[in-house]
Amino acid sequence: MSPAVQDTLSLVGRALLALLFIPAGFSKIIGFAGVVGYIASKGVPMPEVCAALAIAAELGLGLLLLAGWQARWAALGLALFVFVITPIFHAFWAVPPEQQMMQQQAFFKNLAAAGGLLVAAAFGPGRFSIDGRRT
């Protein structure tokens, strides 16, 4: 595969991964009180702080990943974020049977996204990125 194709695929991959996080971060800002209530309902301590951290991770790191600036660190940060929140918010083993399939799909979708983030962290953002332009 040519370097130009690899760089293009890296850009598209980063954009698709960022698409999971950036809109979610914006929606948490708009619906902050509801997000805090949902986080509290899961028994997470300091839900206001956690909601703010979620916004910073999803919106901040998502934008960094999209732009390809400090992209390896942004991808690692998002992967860590996903690994922490997934068993808390998608515990398919602990929900009523009618919710298990949906939560299991969300659980494994998150793990797959974390896998993509780890690949981005390992191989970098490609030439079509701020990081790629600086080298």
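Student: How much space lies in the largest pocket?

Tutor: The model is a predicted one. In it, the largest pocket holds about 530 Å³ of space.

Student: Which residues lie nearest the centre of the largest pocket, and how many line it?

Tutor: A pocket is described through its lining residues, which have an atom within 4 Å of one of its points. Here the lining consists of 24 residues, and Ala 54, Glu 58, Phe 81, Ile 85 and Phe 89 are those nearest the centre. Two or more lining residues come from each of helix 1 (3-30), helix 2 (32-41), helix 3 (47-67), helix 4 (71-89) and helix 5 (97-123).

Student: Which helix gives the most to this lining?

Tutor: Helix 4 does, contributing 7 residues to the largest pocket.

Student: How do the residues of that lining divide into nonpolar, polar and charged?

Tutor: The lining of the largest pocket has 19 nonpolar residues, 2 polar ones and 3 charged ones.

Student: How much space lies in the second largest pocket, and which residues lie nearest its centre?

Tutor: The second largest pocket contains about 290 Å³ of space. Its lining is made of 15 residues, with Gln 6, Leu 9, Ser 10, Phe 123 and Gly 124 nearest the centre. The elements that supply two or more of these lining residues are helix 1 and helix 5. Of the elements, helix 1 gives the most, with 8 residues.

How values were computed: Residues are numbered from 1 along each chain as its sequence is written. This is a predicted model: local features need pLDDT of at least 70, side-chain atom pairs count only at pLDDT 80 or more; totals for chains, interfaces and linings use all residues. Side-chain values use heavy atoms; hydrogens and water are left out. On a 1 Å grid over the protein atoms alone, a cavity is a set of points where a 1.4 Å probe fits but cannot get out, and a pocket is an open set with protein on both sides within 12 Å along at least five of seven lines; lining residues have an atom within 4 Å of a point. Grid points are joined across faces, edges and corners, and a volume is the space filled by probe spheres set on the points. Helices (H or I, at least four residues) and strands (E, at least two) are DSSP runs, numbered from the N terminus. Ala, Val, Leu, Ile, Met, Phe, Trp, Tyr, Cys and Pro count as nonpolar, Asp, Glu, Lys and Arg as charged, and the others, Gly among them, as polar.
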